[in-house]
Amino acid sequence: MRVNTWIAVAIVLLFQTGVLGWMVYDRMQLLESGKEVVLKTEPVDPMSLFRGEYVILNYDVSRVPRAQGEQVANGDIRYVTLEEKVKGEWSVAAVGAAYPVSVASGQVVLRGKVINTWSGDVGESMQLHFGIESYFVEQGQGKVLEDKVRTGDLRVIVAVDDSGKAAIKGLVLDGNVRYDEPLF
Amino acid sequence: MIWNRQKLERQLGHWREKGWVTEAGLAAIRDEIHQGSARFGLSGVLGVIGATLLAFGVMMFVGANWQEMPRLARLGLLGGSMWAAYGLAAWLYVRNHPAFGHAAVLLGSAIFGASIMLIAQMYHLEGHPPGAVLVWGIGTGLAAFLFRSNPAYALAIALAGLWAGWETSLSNTLHWPYLAFWAVLFLALTLTTRWRAGYHLLALSLSAFVVLIGYLTDVGDGHWLTLGIGVATALLAIFLEKPIDRILAVSRPGAAYGIAVAFAALFGIQFLEGNSYTDAGLDPWHASNGMPLWVLGAASIVLLIAGLVAAAITDNRGLMWISYIGLSMELLGIYFKTFGTLLDTSLFFLTAGVLVILFSVVAYKLLRRPEPTTALEAH
């Protein structure tokens, strides 16, 4: 089977450029139209092999309680409903295995994947990943950011769409809002 | 391949002496070997190495996350170089430089992967990293298929393995969708270049998967399934050699991979799973599943000697080496595992030695049978 060389180039470029274009489009949609929440976090500094330096972010709302005796396996999906009880302070209002039927106007629902569970004296709880746990920074900046945070306060601006998918939009470091440079 | 060429050179002299090839024929053959290997071998290899170096440079550039350059410019740079690499590939193919064309396709596929990583980085997209590897592998496999590019096939097969391995390590269970991707790559390779090294890479990758069944399957003892698959593969490859090779000439390496996988399963049961004799109160002469070690050891030796016999009859060098290496590993394994009970170990080795020597005498008598003329016809 032999394909004309120029047709081959066209198909490969169409597919590969299409994949990249879709990735960018999907994120931009989410960042532009998603609801904004601000979450408190603490970073730890690791290094990703090809993707340079990044900071792992742990959120206060990542660890949520689970019902007594509720069977949860790693990889299960849970929906966390957040509420802005105090201005600028989002906290957990409810946790469920399905997307809530009705969401109040002041609420935002995050879709999370269970990565760990605990039980014992502290009560039954589980750790969730929302897909917003990595923040990539320029080479050498990971440690700097971490040091700044040790003394200050770091919050992350997150955009959330109607299905609970989340994306990082920017950082708030000691009250200074720093949005990520948009693509266009 | 130098060693093959030297051997061929000796044989050519021999054939010339016998008058099987003419002087003109000899010159033509030498010319062909010389041209083909020098042009394809060296320039192709250097081209692929160059492309690999460039690709790593691009990935490190992404890794540095250089903020001086705006996001859009970085993305444009990667996208532009990806288009340029494939455009260059097409131009090289059209100008009839396939070796350099393959190197350019490899570079294009690598930049595709780097671009996926860059976009993930730009949007702090943690997502599901093995999923990104899968998408990269699919794009690379598509390029390999359409351009008939062996280096790109190698990258796609490696990415398929990386994807399945990553998924497996995350979930600690076998990643069955791997088999579908494997089959697609196998089919694509068979429809296009039928590159032998590519089949070896596919076989190695699949063998690793089958061996992992033994360690990751919860139902029963998965090693028996691995053993069964290995033995069945070897038997099919040996007894259905002709019909298999009529479709695709893979029966000979297939037999070697089958024996290797079957032995890997037996080795795992005997020496790698669970308790070793250092665990308190456990008898070194029993495997972790409770079976007597001498039974498993004898089964391994029978399997490997059967491999050697099949190798001798079918003149299968790969199978011969696999069986020899397996036998050495088996004997060393038993020696170390039962080190605490040297007398029993010695008895095992003495018995095995006597039986194997008896067997070799029988084999000698049996294998002497074929007359020289029939042996020649078989070649």
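## Two chains, question by question

Student: Which residue in β8(A) does Val64(A) stand opposite?
Tutor: Good place to start, and keep in mind that this is a predicted model. β4(A) and β8(A) pair in the antiparallel sense, over three bridges. In β8(A), the residue opposite Val64(A) is Met126(A).

Student: In what order do the five strands of that open sheet in chain A run?
Tutor: Let's start from the edges: β4 (63-65) and β6 (89-96) of chain A each pair on one side only. Between neighbouring strands of this sheet, the average turn is 50 degrees, direction ignored. The pairing is antiparallel, and the order is β4-β8-β7-β5-β6.

Student: How many bridges join β7(A) to strand β8 of chain A?
Tutor: Strand β8 of chain A covers residues 125-129. One facing pair here is Val114(A), which stands opposite Leu128(A) in β8(A). β7(A) and β8(A) pair in the antiparallel sense, and the number of bridges is five.

Student: And which residue of β7(A) is the bridge partner of Leu82(A)?
Tutor: For this one, look at strand β5 (residues 77-86) and strand β7 (residues 107-118) of chain A. They pair in the antiparallel sense over seven bridges. The partner of Leu82(A) in β7(A) is Val108(A).

Student: Which element gives the largest share of the side of chain A that touches chain B?
Tutor: The contact takes 35 residues from chain A and 38 residues from chain B. On chain A's side, the elements giving two or more residues are α1 (5-33), β3 (52-59), β9 (134-137) and β11 (166-173). The largest share, 15 residues, belongs to α1(A).

Student: How many nonpolar residues are on that side of chain A?
Tutor: Let's sort the side that touches chain B by class. Six of its residues are charged and seven are polar. The number of nonpolar residues is 22.

Student: Which element of chain A has the lowest mean pLDDT?
Tutor: Chain A as a whole averages a pLDDT of 83, and 90% of its residues score at least 70. Among its elements, α1(A) has the highest mean, 92. Where pLDDT is low, the predicted coordinates should not be read in detail. The lowest mean, 62, belongs to residues 47-48, strand β2 of chain A.

Student: How many helices does chain B have?
Tutor: Chain B has 379 residues, and buried ones make up 38% of them. It has zero strands. Its number of helices is 15.

Student: Which element gives the largest share of the largest nonpolar core?
Tutor: That core has 127 residues, and Val158(A), Ile111(B) and Ile259(B) touch the most other members. Beyond its neighbours within four places in sequence, Ile111(B) is in contact with residues including Ala55(B), Val58(B) and Leu78(B). In soluble globular proteins, nonpolar side chains tend to be buried together. The largest share of the core, 16 residues, comes from residues 98-122 of chain B, helix α4.

Student: Is Ile213(B) partly exposed or buried?
Tutor: Ile213(B) is in helix α8 (residues 196-216) of chain B. Residues up to four places away in sequence aside, Ile213(B) touches Leu174(B), Gly222(B), Leu225(B) and Thr226(B). Being buried takes 20 or more other C-beta atoms within 10 Å. Ile213(B) has 18 C-beta neighbours inside 10 Å, so it counts as partly exposed.

How values were computed. Residues are numbered from 1 along each chain as its sequence is written. Chains are lettered from A and ligands numbered from 1 in the order in which they are written. This is a predicted model: local features need pLDDT of at least 70, side-chain atom pairs count only at pLDDT 80 or more; totals for chains, interfaces and linings use all residues. Two residues are in contact if their C-beta atoms, placed from the backbone, lie within 7 Å. Helices (H or I, at least four residues) and strands (E, at least two) are DSSP runs, numbered from the N terminus. Ala, Val, Leu, Ile, Met, Phe, Trp, Tyr, Cys and Pro count as nonpolar, Asp, Glu, Lys and Arg as charged, and the others, Gly among them, as polar. Two strands pair if DSSP finds at least two bridges between them. A nonpolar core is a set of buried Ala, Val, Leu, Ile, Met, Phe, Trp, Tyr and Cys residues joined through C-beta atoms within 7 Å. A residue is buried if 20 or more other C-beta atoms lie within 10 Å of its own, exposed if 12 or fewer, and partly exposed in between; C-beta atoms are placed from the backbone. pLDDT is the predictor's confidence in each residue, from 0 to 100. Axes are lines fitted to C-alpha atoms, for helices over the stretch in contact, and angles run from 0 to 180 degrees between N-to-C directions.
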